[in-house]
Amino acid sequence: MGSIFVPSKLMRVIVCGMALGAVVCAQQAPPPSGAGGQGRPRGAGRGMNPANLVPPLEEAGFQQIFDGKSMNGWDADPDFWRVEDGVLVGETKVDHQPKQNIFAIWRGGKPADFEFKAQYRMTGGNSGIQYRSIERPDVNKWVLQGYQADIDAQQQYTGQIYEERGRGFLALRGMFAYVGDGKKTGMVGKVGENEELKGFIKSDDWNEIHIIARGNTIIQLINGHVMSELVDDDTAKRKMDGLIGVQLHLTNTGMKIEVRNVRLKTF
């Protein structure tokens with residue numbers, strides 16, 4: 001058989017292809033058996049379950065700010081608020097309403113950087129946990145203005161960051177929002193989908209609410225799921241400390257908010 005002429009350019013392509021094939025085969029070949037070559041995935045054999053690499057954080061440093069026995073430390077309209085079976089209860093009826101939204105106000109301080117935790121149960125209507133707030137005696141007694149972890153019985157607003165008597169909606173459920181200095185709020189991204197997060201909230205049952213306020217950053221969680229986040233750089237309108245309260249909302253039908261196991265950690 002006579003010799004076959006292969007153009008040099010084609011030869012380079014063939015040689016490169018053979019070299020690439022050798023590299024791929026080397027990468028796909030199983031590791032040798034024996035010591036140091038068991039073919040284990042990275043990190044295996046170290047006695048660590050990947051699910052436990054970052055375990056749940058143990059609660060520490062919180063203080064109870066509601067004793068479950070009386071309104072000691074709390075200031076509220078006794079016509080609408082009471083303590084019953086270890087629970088702080090705010091309730092209205094169709095024919096028994098406040099003139100406007102009012103609050104049970106904790107008088108133990110005006111926290112700046114803090115974490116707040118409590119269990120709540122809603123029956124009808126609308127409520128919320130107020131924080132970094134100021135009083136508005138010009139409106140009426142027990143009226144607050146400031147940030148609110150919104151709660152409602154229909155789960156339409158529950159989990160969002162709202163500003164009572166201020167800028168209104170700041171971060172809807174599922175939203176990571178930002179407010180620039182002198183600007184309106186805007187969405188940066190998502191922390192989850194609205195309907196999926198709604199599914200983690202229990203209706204007519206107890207829920208755990210968790211509020212984190214550190215500097216100009218606020219994070220709100222319900223039942224261990226982040227509902228909304230906000231970075232507030234509006235120096236004129238934001239509040240960096242203030243009162244904590246529980247809202248009793250003016251409604252057409254009446255409502256009931258129950259709160260228990262109220263804890264606070266300040267920094």
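This is a predicted model: local features need pLDDT of at least 70, side-chain atom pairs count only at pLDDT 80 or more; totals for chains, interfaces and linings use all residues.

Biologist: OK. How many aromatic pairs are there?

Modeller: The count comes to 4 aromatic pairs. Take Y157 and F169: their ring centres are 6.1 Å apart and the planes sit at 35°, so that pair is tilted.

Biologist: Where do Y157 and F169 lie?

Modeller: Y157 is in the loop between strand 8 (144-152) and strand 9 (161-164), while F169 is in strand 10 (residues 168-171). The two are 12 residues apart in sequence, so the pair ties those parts together.

Biologist: And what about Y162 and F169, edge-to-face or stacked?

Modeller: Edge-to-face: the Y162 and F169 rings are 5.3 Å centre to centre, with 70° between the planes. F169 is partly exposed, with a relative accessible area of 44%. Y157 is partly exposed as well, at 29%.

Biologist: Which residues do ring pairs link into a cluster?

Modeller: F114, Y131 and Y147.

Biologist: Switching topic to charges. Which ring does the charged end of R214 sit over?

Modeller: The ring of F267, with the charged end 3.8 Å from the ring centre.

Biologist: And R260, what's under its charged end?

Modeller: That would be the ring of W206, and the charged end of R260 is 3.8 Å from its centre.

Notes:
Residues are numbered from 1 along each chain as its sequence is written. Side-chain values use heavy atoms; hydrogens and water are left out. Rings of Phe, Tyr and Trp (its six-membered ring) pair if their centres lie within 6.5 Å; planes under 30 degrees apart count as stacked, over 60 as edge-to-face and the rest as tilted. Helices (H or I, at least four residues) and strands (E, at least two) are DSSP runs, numbered from the N terminus. Buried means under 20% relative accessible area, exposed over 50%, partly exposed in between (1.4 Å probe, protein chains only). A charge sits over a ring if NZ of Lys or CZ of Arg is within 6 Å of the ring centre and within 35 degrees of the ring normal.
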